[in-house]
Structure formats: C-alpha cells, structure tokens
Amino acid sequence: MSTPAPRSGLGAWVAALALLGGCASAPQASNGFADADGKLPSYQPRPGHERPLIAVFGENSGTELSDFTVPYGVLSESGAADVVAVSTRPGPIATFTDMGKPGFRILGQATLAAFDASHPDGADYVIVPALRETPEALSWLALQAGKGATLVSICNGGMVVADTGLMAGRRATAHWSTEAHRLEHHAAVRWVRNARYVADGNWISTAGVSAALPASLALVEAIAGTERAQALARQLGSGGWSARHDSDAFHPQPGVNLLPLAQVAYLNRWLHAGDAYALPAADGADETTLALTLDAYSSTGRSRAYLTAAAGAPLRTRHGLFVLPDRVQGAADAPASALPAIDGLPPGQALDRALDGIAARYGRATARGVALVFEYPDFQE
C-alpha cells in the first residue's frame with residue numbers, strides 16, 4: 001500500500017474538502033455513545049497480565065503530535081497501567097500538528113519487533129493516532145487485534161484502524177472534517193456523529209484531537225474505576241469526560257463558523273507572514289502540556305512553534321518520554337520570540353491558555369478557528 005498524506009484533524013486536503021462543502025453536505029451518520037451512560041467497557045484482565053499493558057503507537061515517518069502524546073501522558077500519570085511508546089522502527093518518530101506543520105520528534109521506547117518479543121501475547125490496549133499508513137503498521141495493528149488488544153483510535157486514527165479491514169460493521173467516530181471521506185471509502189463501518197468517543201467490541205474511537213484527554217480519562221475509569229478517574233481529572237485541571245458531543249456544530253456553516261475556519265486554513269497564510277515562536281522546555285516538562293501548546297500555536301495559519309532547550313540533547317519528559325528539541329536556545333536559528341512559560345500548567349488548562357494567547361496575538365476569529373480545527377467545544381467566544 002502506498003503511503004498517503006498525513007491524516008491530521010484538518011490537513012490541507014481535508015481542509016479543502018470541508019470548506020468547499022464536502023463535509024457539510026455529507027449524508028447522515030448514526031448517533032451513539034460508548035454505552036447508555038457514556039462509559040467505556042470495563043477492563044477485563046487477561047491471563048498473564050498482572051497490570052493492563054497499553055502501547056501508544058507511532059509511525060516514524062509521521063504521527064500526529066497531540067494524538068500520540070496526550071494519551072501517553074494522561075495514561076502514564078494515572079498509574080493504572082504500564083504504558084509503552086512504540087515506534088515502527090528504530091529512530092525518532094517524526095510528528096505533525098493538526099494543520100500539518102512539523103512537531104517535535106519523539107523517541108519510542110520499543111520498536112514493533114522489540115515489543116512483540118517482550119510481549120508475545122500482545123497489549124491490552126493500543127492507542128492509534130492519525131499517522132502515515134504503512135503496510136507494516138496496518139499488519140501490526142491487525143496482529144494486535146487478533147491477539148485480543150482493544151484498538152483505541154484518536155481523531156483520524158479511526159481511518160487507520162478502518163484500513164485494517166477488521167472493523168466492518170463496528171460503530172466508530174473520527175474528526176468531523178473527514179466524515180464525507182469516511183462514509184465514501186469506509187462504508188462498511190457504522191460511523192457515528194455527535195459523540196466524543198464510541199466503543200464497539202475491540203475498537204474504541206474518538207472525535208477530534210481535543211477528545212484525546214477526556215477519552216483517556218474514560219479509559220482510566222474503565223481500568224481503575226470512577227473515583228480514580230475523578231481524582232486524575234482534578235489533578236490534570238480537567239473537567240468531565242462525558243461521551244456527549246455535538247460534532248455538527250463544527251461543520252462549516254456560512255454566517256456561523258465558516259470565516260474562522262477559512263482564516264486558519266487559508267486567509268491567514270495568504271495575508272500574513274508566518275511568525276516563529278520558541279516553546280522553552282527542560283527535563284521534567286509535562287509532555288501533554290507541551291504537545292497541546294505547540295500544536296495549537298502551529299495551527300493558526302500565522303505561526304509555528306518550535307520546542308527549544310538549553311542544549312540539543314533529548315529531553316526526558318515528566319513520564320519518561322524522550323523528545324528532541326527543534327532548536328537550541330540562543331542559537332542563530334532559534335526564534336527570537338518565546339511563548340509564555342508553561343512550567344506547572346496543568347494539561348487540562350493547556351489548550352485554553354494557548355487559545356487565549358492566540359486570541360491576544362491574532363484575534364478571536366483565529367482562536368476560534370483553531371478550536372474548531374481541534375473540535376474543542378469549551379472555547380468561549
């Protein structure tokens with residue numbers, strides 16, 4: 001299979017489809033949630049697994065930054081499972097942001113071959129971000145599903161899972177902008193709209209990139225119970241994790257939200273020079289806060305954020321993920337302007353802080369456009 005373009009929440013080709021009406025005119029999909037009360041199915045221990053094992057999967061040639069990093073950070077913080085960052089091959093995972101700009105690179109903790117050697121009976125859950133598809137990636141996901149793993153797709157990772165061919169007849173969701181494409185090319189999947197996350201058999205799927213955090217909390221609830229998930233939500237500075245969601249509100253509608261979407265997808269880049277910002281980080285930085293902040297500022301159509309550090313060596317994040325800085329602070333190629341420090345900023349507040357900063361720099365319409373791209377319902381106009 002050839003390698004397609006990255007399937008970000010609103011990548012360039014999807015943006016063109018959506019803003020020209022491809023999504024707005026899509027046929028109706030079904031409605032639904034994880035179950036009647038919005039909970040994911042409870043974790044069922046497997047023989048030989050003392051604790052749940054979660055593989056967060058990244059394809060080296062391209063993986064959506066927040067889709068990968070947010071579940072890794074939240075699930076690691078929970079302490080409810082063993083979480084492993086898995087890459088297809090040795091070497092760093094190249095990431096892209098929700099509008100397709102490069103993100104910082106991540107070093108996996110195991111390759112597919114190493115993970116399979118250490119865990120021949122497979123993972124309990126595999127997190128599947130939007131990523132560049134390769135035959136190796138699809139084969140491994142199919143292998144994990146065959147061993148009993150639940151595949152948890154984030155945003156347009158749902159199309160990656162659909163491409164395994166194993167989920168025909170299952171209910172699922174993904175980013176609002178790809179609805180028409182999904183209905184046309186994956187008609188055998190029962191695509192759900194107006195749900196933040198959906199569970200059916202061994203497939204859990206989420207809506208846009210902002211759903212990664214609440215869906216991760218829902219997974220913690222499924223593994224360790226409601227009280228543990230509630231405590232974690234408070235710790236992260238996050239609200240609830242209900243599956244209820246109005247995806248219809250994000251579809252392009254003239255006079256409602258078309259202009260903000262057009263600004264971040266087209267107008268800003270046509271009318272303005274791009275700004276560069278440094279996002280300073282050091283060892284121990286929270287990977288979820290880093291990813292959401294950088295992703296948001298690189299999705300305005302007017303700016304790109306670069307992860308910077310005092311040296312070029314890999315940084316060890318709060319939960320043991322090694323990431324590679326884009327620039328060295330003070331170097332000739334480092335951005336002169338820096339974003340506000342995010343030390344101590346809870347992950348659940350990162351996106352709100354970033355959107356407020358974007359609004360102060362570029363106006364509320366651009367901030368709203370980024371929120372629409374992220375399928376984030378909590379941004380206050």
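Start with E59 and R89. Their side chains meet in a salt bridge, 2.9 Å from N to O. By salt bridge I mean a side-chain nitrogen of Lys or Arg within 4 Å of a carboxyl oxygen of Asp or Glu. The pair links distant parts of the chain, 30 residues apart. E59 sits in the loop between strand 2 (53-58) and strand 3 (63-64). R89 sits in the loop between strand 4 (82-87) and strand 5 (92-93). Helices (H or I, at least four residues) and strands (E, at least two) are DSSP runs, numbered from the N terminus.

A word on the source: this is a predicted model, where local features need pLDDT of at least 70 and side-chain atom pairs count only at pLDDT 80 or more, while totals for chains, interfaces and linings use all residues. Residues are numbered from 1 along each chain as its sequence is written, and side-chain values use heavy atoms, with hydrogens and water left out.

Now, is E59 buried or exposed? Buried, at a relative accessible area of 1%. R89 is partly exposed, at 32%. The cut-offs: buried is under 20% relative accessible area, exposed is over 50%, partly exposed is in between, with a 1.4 Å probe and protein chains only.

Next pair. R318 forms a salt bridge with E77, and the closest N and O atoms are 2.8 Å apart. R318 lies in the loop between strand 17 (315-316) and strand 18 (322-324), and E77 lies in helix 2 (residues 65-78), so this pair ties together parts 241 residues apart in sequence. R318 is partly exposed at 46%. E77 counts as buried at 15%.

E179 is in helix 6 (residues 179-185) and R193 in strand 12 (residues 190-193), 14 residues apart. E179 counts as buried at 3% relative accessibility. R193 counts as buried too, at 7%. Shared partners join E179, R193 and D248 into one network of salt bridges.

How many salt bridges does the rule give? The count comes to 8.

Last stop, a glycine. G239 is in the loop between helix 8 (226-236) and helix 9 (258-271). G239 is partly exposed, at 45%. G239 and G348 are 109 residues apart in sequence, but 7.7 Å apart in space, C-alpha to C-alpha. Leaving out residues up to four places away in sequence, G239 touches L217 and A233. Contact here means heavy atoms within 4.5 Å.
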